[in-house]
Amino acid sequence: MKPGALALVTGANRGIGLETARQLAQRGAVVLLGSRDAVRGEAAARSLDPDGARILPVALDVTDTRSVAALAKRLERDHGRLDVLVNNAGVFVGATAADTTAEVTRDILAVNVVGAVAVMHAMLPLLRRSSAPRVVNVSSTTASFGLTSSGADLAGDASVRLAYTASKAALNMLTVQYDRAFRQDPDLAHIKINSASPGWTATGMNGFRAPRTVREGARAVVTLATLPDEGPSGGFFDEHGQLVW
Ligand code: NAP
């Protein structure tokens, strides 16, 4: 990643997103810290960077098309490009298979899948103008068909994540499909897009019950966000390497 690269992290006012923002800024990026709540975003950005030199809060609710469009317009006006996009905003609602309603599923898909598409669609013209654009979709090992069907222990309570895992599997397919489309378009072929698995990480999403720290959880995300030109695209990785879809 070039010094001064412009990075946008969605859902970055806490958890893995906040730590990703911190690590990207540490590596020399100027980070736009996306938060659906402006006050929480401001406080989060100030907690990492009191002077606002490297980490700037931006209002972004990924389910609100006006909010997404307003941010894209602002970036167009102020920067004219975007170098790194981390689609990190996500929600988890635990429910057993029998208790999983259409409403809960819609709410999860609205953020984890439709939200990522909305942000991608708005930011693509800006990413296209970067010399080394990188996109990371923050996914989950629990979305792996291979690991799930082989009965691997994926940590956490597997009985309450039907809709969540389906949303992350859909996000993974978005990674594959965007990558294919980019490879076929000379204007977009320089974009690298990958899915990252943070591992089961202690955040508000799980009541801080998980064993991994956000520092560990952000590792794969930051590695994929700062890939060199010879790095991979269209893959699914954790910090140890490639994962089976
Ligand atoms: P977290 O602490 O709950 O953070 C989630 C972030 O997403 C928060 O900043 C939240 O904002 C934001 N968000 C939710 N809905 C949003 C919306 N409509 N627009 C914009 N932002 C929105 O959870 P986390 O563990 O750091 O999760 C980060 C990502 O990692 C998620 O995609 C999650 O699925 C993934 N992940 C987490 C784990 C884990 O074990 N923690 C494992 C695998 C994958 P508010 O503060 O306003 O709610």
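Two strands are taken to pair if DSSP finds at least two bridges between them, the strands (E, at least two residues) and helices (H or I, at least four) being DSSP runs numbered from the N terminus. On this basis, strand β1 (residues 6-9) and strand β4 (residues 84-87) pair in the parallel sense over three bridges, with Ala7 standing opposite Val84 in β4. The model is predicted, and local features accordingly need pLDDT of at least 70 and side-chain atom pairs pLDDT 80 or more, whereas totals for chains, interfaces and linings use all residues. Residues are numbered from 1 along each chain as its sequence is written, and side-chain values use heavy atoms, with hydrogens and water left out.

The sheet is open and is formed by eight strands in the order β3-β2-β1-β4-β5-β6-β7-β8, with mixed pairing. Its edge strands, each of which pairs on one side only, are β3 (55-59) and β8 (241-242).

Helix α4 lies across β1, β4, β5 (134-138) and β6 (192-196) and runs at about 180° to β4, where axes are lines fitted to C-alpha atoms, for helices over the stretch in contact, and angles run from 0 to 180 degrees between N-to-C directions. Helix α6 also packs on the sheet, touching β5, β6 and β7 (236-238), and its direction makes about 165° with that of β6; contact here means heavy atoms within 4.5 Å.

The axes of α4 (residues 102-128) and α6 (residues 162-183) come within 8 Å and cross at roughly 20°. The two helices are therefore roughly parallel to each other, a term applied to angles under 35 degrees, as against roughly antiparallel over 145, roughly perpendicular from 65 to 115 and oblique for the rest. Residues of α4 that meet α6 include Thr105, Ile108, Asn112 and Leu124, and their counterparts in α6 include Ala163, Ser167, Lys168 and Phe182. By class, this contact has 14 nonpolar, three polar and one charged residues, with Ala, Val, Leu, Ile, Met, Phe, Trp, Tyr, Cys and Pro counted as nonpolar, Asp, Glu, Lys and Arg as charged, and the others, Gly among them, as polar.

Two residues in other helices were also examined. Ala45, in helix α2 (residues 38-48), counts as buried at 3% relative accessibility, buried meaning under 20% relative accessible area, exposed over 50% and partly exposed in between (1.4 Å probe, protein chains only). Residues up to four places away in sequence not being counted, Ala45 touches Leu33, Ile55 and Pro57. Gln23, in helix α1 (residues 15-26), likewise counts as buried, at 12% relative accessibility, and is in contact with Arg215, Ala218 and Val222 when neighbours within four places in sequence are left aside.
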